[in-house]
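Welcome, and please open your viewer. We will start with the whole chain and then select a few residues, one stop at a time.

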Amino acid sequence: MSTHRVELMVRAGCGSCVRVAKQIEPIVRAAGAAWQVLDVDHDPELAMEFGDRVPVVVVDDEEFACWEVDSAELANTLLA
C-alpha cells in the first residue's frame with residue numbers, strides 16, 4: 001500500500017478539472033495512494049495559492065503538475 005497522498009485542486013465548471021480527475025483517479029487508486037479532490041473556491045488560502053491555475057495535482061504536499069498530467073510519470077512517482 002502506498003503512503004503517498006494525492007490532492008487534485010479544482011473549481012466548479014472546469015472541464016479540464018473533470019478530465020484530469022478521470023485520468024488520474026484510476027492511477028492513484030491502483031497505487032493505493034490517498035486521494036482527495038479539493039475545490040479551491042471553498043478555501044480562501046487555496047484560492048489565493050492556485051487562483052485560476054487549476055487543475056493542479058499535488059503529491060505529498062508538493063505541486064506535481066498543472067493543467068496536464070503525464071500518466072506514466074504519476075504512476076512511477078506513486079510507486080516509488
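What share of the contacts in the protein chain with a separation of 6 or more comes from residues 24 or more positions apart? That share is 65%, where contact means heavy atoms within 4.5 Å. Before we go on, note that this is a predicted model, in which local features need pLDDT of at least 70, side-chain atom pairs count only at pLDDT 80 or more, and totals for chains, interfaces and linings use all residues. Residues are numbered from 1 along each chain as its sequence is written, and side-chain values use heavy atoms, with hydrogens and water left out.

**Stop 1: the whole chain**

Switch to a cartoon view and follow the protein chain along its sequence: the pattern reads β-α-β-α-β-β-α, with three helices and four strands. Helices here are DSSP runs of H or I with at least four residues, strands are E runs of at least two, and both are numbered from the N terminus. The radius of gyration is 12 Å, close to the 12 Å of the globule rule for 80 residues, so the chain is as compact as a globular protein of that length. That radius is taken over C-alpha atoms, and the rule is 2.2 Å times the number of residues to the power 0.38. If you draw a box along the principal axes, the C-alpha atoms fill roughly 30 × 20 × 15 Å.

Now show the surface. The accessible surface is about 4,700 Å², and carbon and sulfur atoms own 54% of it; the areas come from the Shrake-Rupley method with a 1.4 Å probe. Of the 80 residues, 44% are buried, meaning under 20% relative accessible area, while exposed is over 50% and partly exposed lies in between. Colour by charge next: there are 6 positive and 15 negative side chains, and the centres of the two sets lie 7 Å apart. Lys and Arg count as positive and Asp and Glu as negative, without His and the chain ends; each charge is placed at NZ of Lys, CZ of Arg, CG of Asp or CD of Glu.

**Stop 2: the hairpin**

Select residues 56–59 (strand S3) and 62–66 (strand S4), which run antiparallel and are joined by four bridges. Two strands pair if DSSP finds at least two bridges between them. Look across from Val59 and you will find Glu62 in S4.

What is there between the strands of this hairpin? There are two residues. Asp60 sits in this loop with a positive phi near 50°, though it is not glycine. Asp61 is in the loop between S3 and S4 too, and its phi is positive at about 70°. Partly exposed or exposed: which is Asp60? Asp60 is partly exposed at 31% relative accessibility, whereas Asp61 is exposed at 54%.

**Stop 3**

Step back to the loop between helix H2 (44–50) and S3, where Pro55 lies. Zoom in on the peptide bond joining Val54 and Pro55: it is cis, with omega about 5°.

Gly51 is found in the loop between H2 and S3 as well, and is partly exposed at 21%. Leaving aside neighbours within four places in sequence, its contacts are Arg11, Val40 and Leu46. A C-alpha distance from Gly51 to Asp41 gives 8.7 Å, for residues 10 apart along the chain.

**Stop 4: helix H1**

Finish at helix H1 (residues 15–31), and pick Ser16 there. Ser16 is partly exposed, with 33% relative accessibility.

Technical notes. Buried < 20%, exposed > 50% of the residue type's maximum accessible area, 1.4 Å probe, protein only.
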